Amino acid sequence: MRDLTEIRKDINDIDEQLVRLFKARMDCAKEVGEYKKENNIPVFNEKREGEILDKVAVKGGEYGSYTRLLYSDIMELSRALQHNIIGSGKALRSLIETAESDYPESGVKVAYQGIKGANGHEAALRLFPNGDCFGLKTFSDVFDAVDSGKAEFGVLPVENSTSGSVSAVYDLILKHRFYIVGALDMPIDYCLCGLRQSEISDIEKVWTHPQSISQCENYIAAHNFEPTPCANTAVAARDVSREKRLNVAAICSYKACEEYGLKILDNHIQDIDSNTTRFIVISKKLFISSDADKISLCFSLPHVSGSLYSVLCRFNSLGFNLTKIESRPISGRGFEYLFYLDFSGNARTAEATRLLCAMSEELPNFSFLGNYCEI
C-alpha cells in the first residue's frame with residue numbers, strides 16, 4: 001500500500017489537470033453561448049445533455065454514477081454561463097430593476113385571517129401600525145381581498161417554529177403567485193383562559209386553532225384536556241366568552257384574553273419557550289426594499305432524472321444559502337409537484353439577478369415571488 005503523502009501528491013497533480021481542463025471546457029461553453037446568441041438557439045438542449053450523461057456514465061465504469069453526477073453539475077454551470085451571455089430573462093430583469101423600494105405602511109387597507117386579538121391581527125398591527133387592518137374568515141378570503149383590490153396587502157402565517165409550515169397558505173401562494181413584500185418573525189406566547197368564575201381545576205375542554213393545539217400538545221396532554229379545533233385562537237376566546245361554560249377554556253394570546261373579558265388560568269403554556277410564527281405580507285405589486293435579504297420563488301421541474309439536484313447545484317456554486325424548500329402537489333397531475341423555495345440574498349445583485357433570470361427560462365411554472373426583509 002502506498003504512503004498517504006504519495007497518494008495526496010498524485011491527487012494534487014490530477015487536480016491541477018482537472019482545473020485546467022475545466023477552464024478549457026467552460027471557455028468552449030462560452031463560445032457555444034455566443035453562437036446560440038448569434039443564431040437565436042435556446043440554451044437548454046435536453047436531448048444532447050441526456051446523451052452526454054449516458055455516455056459518461058458508461059465510460060465511468062465502476063464510478064459511472066459519480067461521473068454522471070459530476071457532468072450534470074458541469075453542464076448546469078455551463079448553461080448558467082450561457083444564459084448570462086444570451087441575457088435570458090429580460091422581463092424578470094426589468095421587473096426587478098423597476099420595482100419600488102418600500103411598501104406604504106400608512107393609509108392602506110390590510111387584510112388578515114381572524115378577528116381582533118388573533119395572532120394575525122397582532123402581526124398586521126406590527127407591520128402596519130397606521131394601516132386600516134381588518135379581519136376575514138379564511139386564508140383564502142385574504143388572498144381574494146388582495147386580488148379584488150379590497151385590500152392592498154394581506155398578512156398571513158406561513159410557518160411556526162414548533163408545528164412547521166401552514167400548508168394551506170403555501171397552497172394559496174402557489175395558486176395566486178402574488179408577491180411577498182415583507183415578513184415578520186413574531187414570538188407566540190399562549191395563555192389558558194376561561195370565564196371569570198372558572199378555575200383551572202374546572203377545565204375539561206380547550207378550544208383553539210389546530211396549529212396552537214400542536215404548539216401546546218404536551219401541556220394539553222399533561223392536563224388531560226380534550227382539544228377542539230377553532231378557526232383561530234381569538235375566535236376560541238370569543239366563543240368561550242359567549243358560551244359561558246365553566247369547564248371550557250381557550251388557548252389564545254393575552255390580548256385575545258383581554259379583548260373578550262376572560263380570566264387567565266395559566267401562563268406561558270406553549271411547549272417551547274421560543275415558539276415563533278413567521279408572517280408574510282402579500283401584494284399584487286412588487287416592492288423590493290434596499291435592505292431586502294430573502295428571496296422567494298416557486299417552480300416545477302422538468303421530467304429529467306436529478307433535476308432538483310441540478311437546480312440546487314446552482315445555489316451552492318454561487319454561495320447562496322437556502323433557508324426553506326417546500327413541495328406541494330399539483331392539482332390534477334398525479335405525483336407532480338410545485339416547489340416553493342427561500343434563499344438569502346438581494347435580487348438586485350448581479351449574481352442573484354442572473355440566477356433568477358436563468359431559472360425563469362428553464363424551469364416550468366417559474367415565478368419570482370419577491371425579495372424582502374424579514375424583521
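Asp132 counts as partly exposed, at 39% relative accessibility. Buried means under 20% relative accessible area, exposed means over 50%, and partly exposed lies in between (1.4 Å probe, protein chains only). This is a predicted model, in which local features need pLDDT of at least 70 and side-chain atom pairs count only at pLDDT 80 or more, while totals for chains, interfaces and linings use all residues. Residues are numbered from 1 along each chain as its sequence is written, and side-chain values use heavy atoms, with hydrogens and water left out.

Asp132 pairs with Lys109 in a salt bridge, and the closest N and O atoms are 2.9 Å apart. Asp132 belongs to strand β2 (residues 130-136) and Lys109 to strand β1 (residues 106-113), so the bridge ties together parts that are 23 residues apart in sequence. Lys109 is also partly exposed, at 39% relative accessibility. A salt bridge here is a side-chain nitrogen of Lys or Arg within 4 Å of a carboxyl oxygen of Asp or Glu.

## Other salt bridges

The rule gives 23 salt bridges. One of them joins the side chains of Asp239 and Arg238, at 3.1 Å from N to O. Arg238 is partly exposed, with 22% relative accessibility.

Arg278 and Glu374 form another salt bridge, at 3.5 Å from N to O. This pair links distant parts of the chain: Arg278 sits in strand β11 (residues 276-283), Glu374 in the segment after β15 (367-372), and 96 residues separate them. Arg278 counts as buried, at 5% relative accessibility. Elsewhere, a network of salt bridges links Glu49, Glu76, Arg79, Arg314 and Glu362.

## Overall fold and dimensions

The chain has 13 helices and 15 strands. These are DSSP runs, numbered from the N terminus: helices are H or I with at least four residues, strands E with at least two. The C-alpha trace spans about 80 × 55 × 40 Å along its principal axes. The radius of gyration is 26 Å, whereas a compact globule of 375 residues would have one near 21 Å. That radius is taken over C-alpha atoms, and the globule rule is 2.2 Å times the number of residues to the power 0.38.

Buried residues account for 47% of the 375 residues. Of the contacts between residues at least 6 apart in sequence, 76% join residues at least 24 apart. Contact means heavy atoms within 4.5 Å.

## Surface and charge

The accessible surface of the chain is about 19,000 Å², and carbon and sulfur atoms hold 51% of that area. Areas come from the Shrake-Rupley method with a 1.4 Å probe; for residues, only the protein chains shown count as cover.

The chain carries 42 positive and 52 negative charges, and their mean positions are 5 Å apart. Lys and Arg count as positive, Asp and Glu as negative; His and the chain ends are not counted. Each charge is placed at NZ of Lys, CZ of Arg, CG of Asp or CD of Glu.

Leu156 lies in strand β3 (residues 153-160). Leu156 is buried, with a relative accessible area of 0%. Leaving aside residues up to four places away in sequence, Leu156 touches Phe139, Val142, Phe143, Val169, Arg278, Phe279, Ile280 and Ile282. The list includes Arg278, the partner of Glu374 in a salt bridge.

Glu122 sits in helix α5 (residues 119-127). Glu122 is buried too, at 16% relative accessible area. Beyond residues up to four places away in sequence, Glu122 touches Met186 and Lys255.

## Positive phi in two loops

Most residues other than glycine have a negative phi. Arg177 has a positive phi of about 60 degrees, although Arg177 is not a glycine. Arg177 lies in the loop between α7 (167-176) and β5 (179-187). The residue is partly exposed, at 24% relative accessibility.

Asn365 also has a positive phi, near 55 degrees. Its place is the loop between α13 (350-362) and β15. Asn365 is partly exposed, at 37% relative accessibility.

## The start of the chain

Arg2 is in the segment before α1 (4-39). Arg2 is partly exposed, with a relative accessible area of 40%. Residues up to four places away in sequence aside, Arg2 touches Ile7 and Asp10.
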